[in-house]
Amino acid sequence: MAKILATLVCLGFSLISCTDLRAAAARPKVVIAHAAMNFRVTPLWVAQDQGFFAKYGIDSEVIYMRGGPTLLSGMLSGDIQIGWTASGIIAPIAEGADLVIVAGFNNRVTDDLIVRPGIKRPEDLRGKRFGVQSIGGGGWMGVMLGLESLGLEPRRDDIRILVIGDSTVRGQALEGGSIDATSLDGAFSRKAKAKGFVTLADFSQANIPIMNHLMAVKKSYLQRQPEIVENVLRALIEGLAFTWSPKSKSAVLKSVMRRLRITEMGLAEEGYQELLTRGGLEKKPYPSLEGMRNVQRLMQSSTPRIGEIKLEEIIDRSIMRKLDDSGFIDRMYSIYPAK
């Protein structure tokens, strides 16, 4: 009898293992890439760390790519299925790239314009060196629109735009004297100010429409796999609601500090609070047509084809609308209350 029971127990464990293996095999593998490295990527990191992708049946791999152009190349090749990227994707779309925007997690410029001491007014930036992560990326877009709001134009005013790297590298470049100005957000901005650098402008107060930290996919992938795209967006929205909830603060900070390599809890908390108070994230991440119009206007002077794009054809709000109309988004905020 003991041998029979042991056999049945082993068989039971074997069946459970087989079931688990079949379930894992049934989950589609989805590579999700991001090129930004700042607090506004938090919902993506949270969704991965809290198991929300797995919850909605997605076997996810979240990877960091150094620069938007590299990320877009991976999307076009099919190696990356989901891009957490920026409005610069309008350029490859103008060249015929098969891409569509399905969500927008940040629809305003929110960075601080940080400068070295001695730069007192916007016009003092003339002839200076301005560090960005990449040309054509979301950070670059924000800088161009931010400078425009200050009455500046880099070519006319001899502001030299230099490709330096992500927020950490740009902060180091500012401290080392190889650049005179850059745009930083959250913890990076506060860290620079603590070292004596100056906030020349707070772009979050200017209400400049843009669309950064957006979710994009290939149109062909969306047509073939609409359920997968919807479930990825479900996970990201739950990650967004989780991020907004004060009860989740410790878990959110853990995810952010590990990704951004922040060791000072106070610095991380300040960045987290700024994320929630300065409009860094949309509670309902609909793609912003107004933000894309701003980008189109900015970019068409250098790439005329961009002016020919019908923006309504590259923005697909259908999944967001479905999740909103079904009550899914409101339900997430009731599970993770913001207050």
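**A threonine in its setting**

Author: Among contacts (heavy atoms within 4.5 Å) between residues at least 6 apart in sequence, 81% join residues that are at least 24 apart. The model is a predicted one, in which local features need pLDDT of at least 70, side-chain atom pairs count only at pLDDT 80 or more, and totals for chains, interfaces and linings use all residues. Residues are numbered from 1 along each chain as its sequence is written, and side-chain values use heavy atoms, with hydrogens and water left out.

The chain contains 15 helices and 10 strands; these are DSSP runs, numbered from the N terminus, with helices (H or I) of at least four residues and strands (E) of at least two. Along its principal axes, the C-alpha trace spans about 90 × 45 × 35 Å. Of the 339 residues, 53% count as buried, that is, under 20% relative accessible area with a 1.4 Å probe and protein chains only, whereas exposed means over 50% and partly exposed lies in between.

Thr 110 sits in the loop between β4 (99-108) and β5 (112-115). Its relative accessibility is 6%, and therefore Thr 110 counts as buried. The side chain of Thr 110 is joined to that of Arg 40 by a polar contact of 2.6 Å. Such a contact is a pair of N or O atoms within 3.5 Å; within protein, one must be able to donate a hydrogen and the other to accept it, and residues adjacent in sequence count only if both atoms are side-chain atoms.
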